[in-house]
Amino acid sequence: MERRQFCLGALGASLMLHPAARAATGTYPSRAVRIVVPYAAGGGPDIMVRQFGPVLSRALGQPIVVENKVGAGGVLAAQYAAQAPADGYTVLLGSNSHLIQKALQPDLAFDPIDDFAPVTLIASSPTVLVVSAGSPYHTAQDLIAALRAHPGKLNFASGGVGSGAHLGGATFISLLKADAVHVPFKGSVEIPTSLQRGDTDFAFAIAGTAIPQVKDGRLRALAVTSLDPVAELPGVPTLHDILRSDLAIQEFWFGLWLPRNSPVDAVDKLYSATTAALREPAVKSMFEATGNRVIQSDSPQADAAFVRGEYRKWAEIIKLTGISAG
């Protein structure tokens, strides 16, 4: 478990919000707000939050403190945040990883639906079906034909059991009713290297990792798991269009969650400040640099409904693929 803190002061923020975008005044917040990040410092989600922090800090009028609490696929951070005082000052960077882990391990000591009050989505990123640049598969249809012609002969890389790459690959072969060998690594950073060495045949890599390597000519993109095509990968189709299944749409999103029973005033003010900050053009550029796109919920209630729907979807995916935590 890693715990690191970094203060993003309101006065030190280099990015200015328009006056009309500032949060309403009131009793909340009257001190620093802490965002618990379930990922290691220096990783994509951590960088995203640290870049966004100064903009949100200025909108709230209080410092943002980023605290990394790493371990168990985000479970430790979720348990920690769920047990924090419900006063609006501890915020979890929630994601569908928390839904996935709960669906995989129902006995976990937190519930992503019942223990949190979702505030808003902030960012989303699809995965990309990739092969090495020297692969014989030039289209998704080439790969599909090979999987069907040689059951159990091809393999796919992931960053571990239950990771986005694992779920993407397992969903892909399940929808095809094909067979391929799962090769889990200790982290997603090993996926591109395994493809380039020829140790694995294909993978579902997060867009922030895949897109730069596709543009550099090291990987070849065959499809994306977003509902719509990705502008940075012109001509690359969506897996949804190829497989005609909504389960092929697998965007990995991040949002801000408060502990259950947090004051309505805190939820509303954090929502207003966050959505104001997300409208800043600089935020869009910063998020895109880490492979994410800005998204925001219409309301905290809409975000809560979205999270419930996503939980049902990921539970269905896990049932389809037969993935287990053991």
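## The second largest pocket

Let's start with α7, residues 207-215, which supplies the largest share of the lining of the second largest pocket, 4 residues. Helices here are DSSP runs of H or I with at least four residues, strands are E runs of at least two, and both are numbered from the N terminus. The model is predicted, so local features need pLDDT of at least 70 and side-chain atom pairs count only at pLDDT 80 or more, while totals for chains, interfaces and linings use all residues. Residues are numbered from 1 along each chain as its sequence is written, and side-chain values use heavy atoms, with hydrogens and water left out.

This pocket has a volume of about 370 Å³, and 19 residues line it, with P126, V230, E232, G291 and R293 nearest its centre. The elements giving two or more residues to that lining are β5, α7 and α10 (281-289). Sorted by class, the lining has 9 nonpolar, 5 polar and 5 charged residues. (Nonpolar covers Ala, Val, Leu, Ile, Met, Phe, Trp, Tyr, Cys and Pro; charged covers Asp, Glu, Lys and Arg; the others, Gly among them, are polar.) As for the term itself, a 1 Å grid is laid over the protein atoms alone, and a pocket is an open set of points where a 1.4 Å probe fits, with protein on both sides within 12 Å along at least five of seven lines; lining residues have an atom within 4 Å of a point. Grid points are joined across faces, edges and corners, and the volume is the space filled by probe spheres set on them.

## The largest pocket

The largest pocket holds about 1200 Å³ of space. Of its 45 lining residues, Y39, S97, S163, G164 and S188 are the closest to its centre. The elements that put two or more residues into this lining are α1, α3 (96-104), β5 (116-132), α5 (164-176), β8 (202-206), α7 and β10 (251-259).

Here α3 gives the most, with 5 residues. By class, the lining comes out at 20 nonpolar, 24 polar and 1 charged residues.

## Around strand β2

Now for β2, residues 33-37: 4 of its 5 residues are buried, so the strand is largely enclosed by the rest of the structure. (Buried is under 20% relative accessible area, exposed is over 50%, and partly exposed is in between, with a 1.4 Å probe and protein chains only.) β2 runs parallel to β3 (64-69), and 5 bridges join the two; V36 has E67 as its bridge partner in β3. Strands count as paired if DSSP finds at least two bridges between them.

β2 also pairs in the parallel sense with β4 (90-95), over 3 bridges, and I35 stands opposite V91 there.

## Strand β10 and its partners

In β10, 9 of the 9 residues are buried, so this strand is largely enclosed by the rest of the structure. β10 runs antiparallel to β4, with 4 bridges joining them, and S95 stands opposite F254.

β5 pairs with β10 too, in the antiparallel sense over 9 bridges. One of the facing pairs is P118 opposite W257.

Most residues other than glycine have a negative phi, and most peptide bonds are trans. Y28 and P29 are joined by a cis peptide bond, with omega about -5 degrees, and P29 sits in the loop between β1 (3-8) and β2.

K177 isn't a glycine, yet its phi is positive at about 55 degrees. K177 belongs to the loop between α5 and β7 (181-184) and is exposed, with a relative accessible area of 78%. R244 also has a positive phi, near 55 degrees; R244 lies in the loop between α8 (239-243) and β10 and is exposed at 64% relative accessible area.

## The whole chain

Zooming out, the protein chain has 11 helices and 11 strands, and buried residues make up 56% of its 326 residues. The C-alpha trace spans about 65 × 40 × 35 Å along its principal axes.

A compact globule of 326 residues would have a radius of gyration near 20 Å, and the chain has 20 Å, which agrees. That radius is taken over C-alpha atoms, and the globule rule is 2.2 Å times the number of residues to the power 0.38.
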